[in-house]
Amino acid sequence: MIPSAVFFALCLVFIAVVTLLLQRRYLPLRSTPEYLLVSTFLGLFLSSSIIVLVPIDLASSSSTDDGSRGIVLPERVLLVAWRISYWLCFVLTWAILPILLSYSDSGHRSPQKRLLQSLRENARYHLIVLSIGAVGLIYFFLSSGFRFYSIKGLLVALSYCYALFLAISLMGHGLVAIPRGLFHASSISGTLLKLQRQAPRAYDKLLEATSNLEAVESEVVLVRQRKSGTALEFQEWIEELAEMAQVPESGSRSGGLLGSSRPSVPSVITEEYLAALTQRLKLCIHRRARFLSEWENLVQSAADAQSILDSKSSQRLTFTKHFSSPTLLENISILNPYTRHLFYFHLLPYMRVAVATLLSMASIMIVWTEVVHSYFPKAAVIRYTVVHHPSSSSGKIGFAGQCISSLWISYMCFAAYYSLSAVKVWGSYALVRRGTSASSACFYASYAARLTVPLAYNFVSFLPEEDIVNKSVFYTFLGKLINLTAISEGFNDFFPVLVLIPVCASLFNWYRRIKEIFGFGDVVDEQEEENAFETGGWREGRDLIERELQGATTGAFSSRASGGGVARSMNYGSASAAGGPARSTAPRSLYTDEPAEEEHEQDEGVLRGFVHRVQNTLDTVQPPRWFKDVTKQQNRPRWMAGN
């Protein structure tokens, strides 16, 4: 009992430390309110603790009076832990974090009005959900009788089914995208070419975000110039907006949009107008910070990849930070330039291939088990990796099985979380290093708490039901509520088979085909990588990256830290529009005689690409001198003379 309790406590401490490090990486801790830090910490910590709690519950339920294997806890302790974890996650997911998300997005200056607006928005959303769930409530009452247990079962079942639908859809895409990304990253030249293809689109997004921000800033300038009428009542609010937008005291911006297009400002300044303006300003600031971070990461990654390729001749590798100073851990390096070259140029690509191969096998096993575990339970291969002692009287799951089950649940959750950043349905939310907005932090914390429980229970369903699952506290606490009716029980058994749809969509690129047929379907950012050649070209991306590294594009990235962790003093859009590098709009041929164009064969098909390469090789080959002499001496027949 004491070693198991100590181990469980150490696991919780480790999870808490990792959660704090994640918050420190993505949130500006000094400017983030305490209520936001606590709520996001609880959402991440409680959802991560389930990854440890499930294996302990499984080993404890499979133990007998003769003994036990692995880390086990008493049933009462497990029940209390499940109640705390699940119901706190439930309240955070459906109440606290959505309210904080709307509260952070609100543009009102008064906290009371921001809270009232947030409550109205969430009440409207939950009213729609309850009206839809009224049919389910009637069905639950007819199936289980009119009692409080039926209402609780309805809430749990609806929440579980909705979260399982999202989890299976996101996990299916991630199970394919993660190994494929590692396979692509194993090629250094291919990685550099992909970054060059992405550069024009990333550059355009940054220009658009900067242009939108300058338009809102110019509107703030015009509002600030109002010195009479209703504007005097909101003078403090307007000054706060000007300070947020970093408008100079003169009230004008050099190179801005004031000279070209003047935004419309109502004649009467109202509180609703200022609230909407504040909300738009905050959204534009965070969107530009997001795309600026993506652009800097892309340029830095391209520079690192080019440095790795250049180190082939010199056998020496040194990375240069172009947009930030090295951290303390980066300054402490055990690798010298020569060993760094050996690691990044020779060893790391093979390590990525090995990890990608391992994750590919894991993805295949997960998809196979999802498909067959309801129809052919004995064919579910994952159960054999967890249950190592099926006929033992002292516990069927040992410590090794607990570790493997934690890895399975972690990979399933990571695949779902990875897809959250790739799906463009939630395009306004993004994780930015030291610059994540409050609404984005609430969004990702809520989905971390929302997706972990259904994925964990979905994993538990892979295991033998009579011997392990039905005896676990997890099933006693949650499984009985989910399986309260035949519909909800069937949904849990047969819906995971639909994981084949997102898997095939990502594997065979159905997103592009749907877009070509119906005009929509481009919902995954990963598909942009394949279409980037059509919209910008790797040459244009290479030129943009080189000009950025040489400081010839704007020369304004050095002032990144002037706005409290958010880039605010960059005149990117105006400088580029006025005298910066112009985007080339000339049509580009599909195939050229450039070595880097070898990567484009995958877009034109295997057979067609092979024919193009053979034709290009035959057209450019130079025959030897003796062959020319022989052909000159031979007399050409009359039918070849062309007369």
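1. In this predicted model, helix H8 crosses helix H10 in a left-handed sense. On the H8 side, the contact is formed by Ile308, Leu309, Ser311 and Lys312, and on the H10 side by His341, Tyr344 and Phe345. Sorted by class, the residues of this contact are four nonpolar, two polar and one charged.

2. Two packed helices are described by the angle between their axes and the distance between those axes. For H8 (residues 271-314) and H10 (residues 337-372), the packing angle is about 115° and the axes lie 10 Å apart. Angles of 65 to 115 degrees count as roughly perpendicular, and H8 and H10 are therefore described as roughly perpendicular to each other.

3. H8 also takes part in the second largest pocket, where it supplies the largest share of the lining, eight residues. The space in this pocket amounts to about 1,200 Å³. Its lining comprises 41 residues, and those closest to the centre of the pocket are Ser104, Met244, Lys282, His286 and Ala438.

4. Which elements give two or more residues to the lining of the second largest pocket? They are helix H2 (34-62), helix H3 (75-105), helix H7 (235-245), H8 and helix H13 (438-460).

5. The structure holds one cavity of 30 Å³ or more, and the largest cavity contains about 120 Å³ of space. Of the 13 residues that line the largest cavity, Tyr86, Ser159, Ala449, Arg450 and Val453 lie nearest its centre.

6. How many residues does H3 give to the lining of the largest cavity? H3 contributes five, the most of any element. At least two residues each come from H3, helix H5 (148-185) and H13. By class, the lining of the largest cavity divides into ten nonpolar, two polar and one charged residues.

Conventions. Residues are numbered from 1 along each chain as its sequence is written. This is a predicted model: local features need pLDDT of at least 70, side-chain atom pairs count only at pLDDT 80 or more; totals for chains, interfaces and linings use all residues. Side-chain values use heavy atoms; hydrogens and water are left out. Axes are lines fitted to C-alpha atoms, for helices over the stretch in contact, and angles run from 0 to 180 degrees between N-to-C directions. Helices (H or I, at least four residues) and strands (E, at least two) are DSSP runs, numbered from the N terminus. Angles under 35 degrees count as roughly parallel, over 145 as roughly antiparallel, 65 to 115 as roughly perpendicular and the rest as oblique. A crossing is left-handed if the near helix is turned anticlockwise from the far one by less than a right angle, and right-handed if clockwise. Contact means heavy atoms within 4.5 Å. Ala, Val, Leu, Ile, Met, Phe, Trp, Tyr, Cys and Pro count as nonpolar, Asp, Glu, Lys and Arg as charged, and the others, Gly among them, as polar. On a 1 Å grid over the protein atoms alone, a cavity is a set of points where a 1.4 Å probe fits but cannot get out, and a pocket is an open set with protein on both sides within 12 Å along at least five of seven lines; lining residues have an atom within 4 Å of a point. Grid points are joined across faces, edges and corners, and a volume is the space filled by probe spheres set on the points.
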